[in-house]
Amino acid sequence: MALDPQSHPETILQHWGEENKPEGAVVPPIFQNSLFVFEDTWSFQNSFSLEDPTQRKHNYSRVSNPTLEIAEEKIAALEKTEAAKVFGSGMAAISAAIMSSVAQGSHVVCVDTAYGPTKQFIQDYLPKFGVRHTYVEGSCTEEILDACLPETSLIYLESPSSLLFKFQDFRRVTQFAQEKGITTVTDNSYCSPYFQNPAEMGVDMVVHSATKYLGGHSDVVAGALACSHERMTKLLMNEISLLGGGMAPFPAWLLIRGMRTLALRMRYAESAGHRMAAWLGSRSEVARVFHAGDADHPQRELATSQMRGSSSLLSFEPVCQEEAKIRAFADALHLFQLGVSWGGFESLCVPIPMQPMGWNEPRWIIRLYVGLENPEDLEADLSQAFEHLR
Ligand SMILES: Cc1ncc(COP(=O)(O)O)c(C=O)c1O
């Protein structure tokens, strides 16, 4: 089946990258093999071709494999980039993107609301190589630009952030970064490529925890990185083949299967997120709701200029800040399970004490991920648990 490159995301998710299925199989088989063999030494040698991506052949599954390639072609088409690569986890994709953007003595500017282990990688691991960093309040573009030093080689963004749902201005930041020769990377896990395409706004590398909405079923840990052919060629020669964080064929097959329903799930997630945000906002136990789709969000104009929709991850600050009561609330939930991840079928809750930049004191925030259960059942579950937060 020849697909129009302008196909809509829903069509890309079903058919893109699947032109060569053997035996008329409607679902692509898993290429569960570690290597590929060649008929002659010339084709063997050409398979390594890194200069011309069209000449590349599958050679060794640490670097490429036909099953991975299907997921990669879909993600690149959705993110509107020339290339994409899938990894064994979101952190493998994130660390590869970061490592490819720094050298000894470089400086990184990172938003203070980035995913915790990403910050740990930047603040605790990179100093081993003499790489320094500055954290910035990313909703203030001037702060990001002012933090850049002559040796800054990377600006790391996550918009929206996945706890307080703050946005960074991709267009302004990338325009500045391009002028200065600084690489920009953003985590796009919250929106998935269905709701946001940062590369179209100038971001050089887009990373995903594909464990979240892309996979969508809590049965695979996966990562993805989307960028230009030029950057991908460098990544293939370095971080991908040397650090070896690529994905294995079976998780890639699960990822492809999960992605088929991405559009449906994201549209549902958007409506479920709005409904939950409104319901929480009506509760006397709730002081503030943090929701990327909030019509009264202080950065609403920026949000709608960058995203086509919001999802079902949100958080709230309870009026009652007593730790014991917050624990009792979370322990009393039945449908919302206590767990770290999100983007799957099941609703989740995590209470987190935090003090980000600009807050005078630490506050408890309760993050909720709204899954695919019936919304009335979820609200009833929260209602009974709120008894403990009074
Ligand atoms: C926003 C965000 N980015 C990245 C990651 C890391 O992804 P993974 O757990 O797939 O390595 C997570 C995981 O929770 C996340 O929430």
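Me: Where does Pro160 lie in this chain?
Reply: Pro160 sits in the loop that runs between β4 (152-158) and α7. Keep in mind that this is a predicted model.

Me: What kind of peptide bond joins Ser159 and Pro160?
Reply: Start with the general idea. Most peptide bonds are trans. Now the case here. The bond between Ser159 and Pro160 is cis, with omega at about -5°.

Me: What is the phi of Glu23, and where is the place of Glu23?
Reply: Again, the general idea comes first. Most residues other than glycine have a negative phi. Glu23 is not a glycine, yet its phi is positive, about 60°. Look for Glu23 in the loop between α1 and α2 (41-46).

Me: Which domains does the domain assignment give?
Reply: The assignment gives domain 1 (9-259) and domain 2 (262-389). Their centres, taken over C-alpha atoms, are 28 Å apart. In the contact, 41 residues come from domain 1 and 39 residues from domain 2.

Me: How do I read the area that domain 1 and domain 2 bury between them?
Reply: Read the total, then the atoms behind it. The two domains bury about 3400 Å² between them. Carbon and sulfur atoms carry 60% of that area. Next, look at single residues. Phe167, Phe195 and Tyr213 supply 26% of the area that domain 1 buries against domain 2.

Me: How many salt bridges are counted between domain 1 and domain 2?
Reply: The count is 1 salt bridge. For a salt bridge, the nitrogen of Lys or Arg must be within 4 Å of a carboxyl oxygen of Asp or Glu. Take Arg267 and Glu10: they form a salt bridge, and their closest N and O atoms are 2.9 Å apart. Polar contacts are a separate count. Across the interface of domain 1 and domain 2 there are 22 residue pairs in polar contact.

Me: Which elements give two or more residues to the side of domain 1 that touches domain 2?
Reply: They are α1 (9-15), β3 (132-136), α7 (170-180), α8 (192-195) and α10 (249-259). The largest share is from α8, with 4 residues. By class, this side of domain 1 has 19 nonpolar, 14 polar and 8 charged residues.

Me: Which residues around the ligand come nearest?
Reply: There are 14 residues around the ligand, and Gly90, Met91, Asp187, Thr211 and Lys212 come nearest. Now check the atoms. A polar backbone atom of Met91 is 2.8 Å from a ligand oxygen atom. For Ser209, a polar side-chain atom is 2.9 Å from an oxygen atom of the ligand. In Trp342, a side-chain N or O atom is 3.3 Å from a ligand oxygen atom.

Definitions and conventions. Residues numbered from 1 in each chain as written. Predicted model: local features only at pLDDT ≥ 70, side-chain atom pairs only at ≥ 80, totals over all residues. Heavy atoms only, no water. Domains from an automatic or database assignment. Contact = heavy atoms within 4.5 Å. Buried area = accessible area lost by both parts, 1.4 Å probe. Salt bridge = Lys/Arg side-chain N within 4 Å of Asp/Glu carboxyl O. Polar contact = N/O pair within 3.5 Å; in protein donor to acceptor, adjacent residues only side chain to side chain. Nonpolar A, V, L, I, M, F, W, Y, C, P; charged D, E, K, R; others polar. Near = heavy atom within 4 Å.
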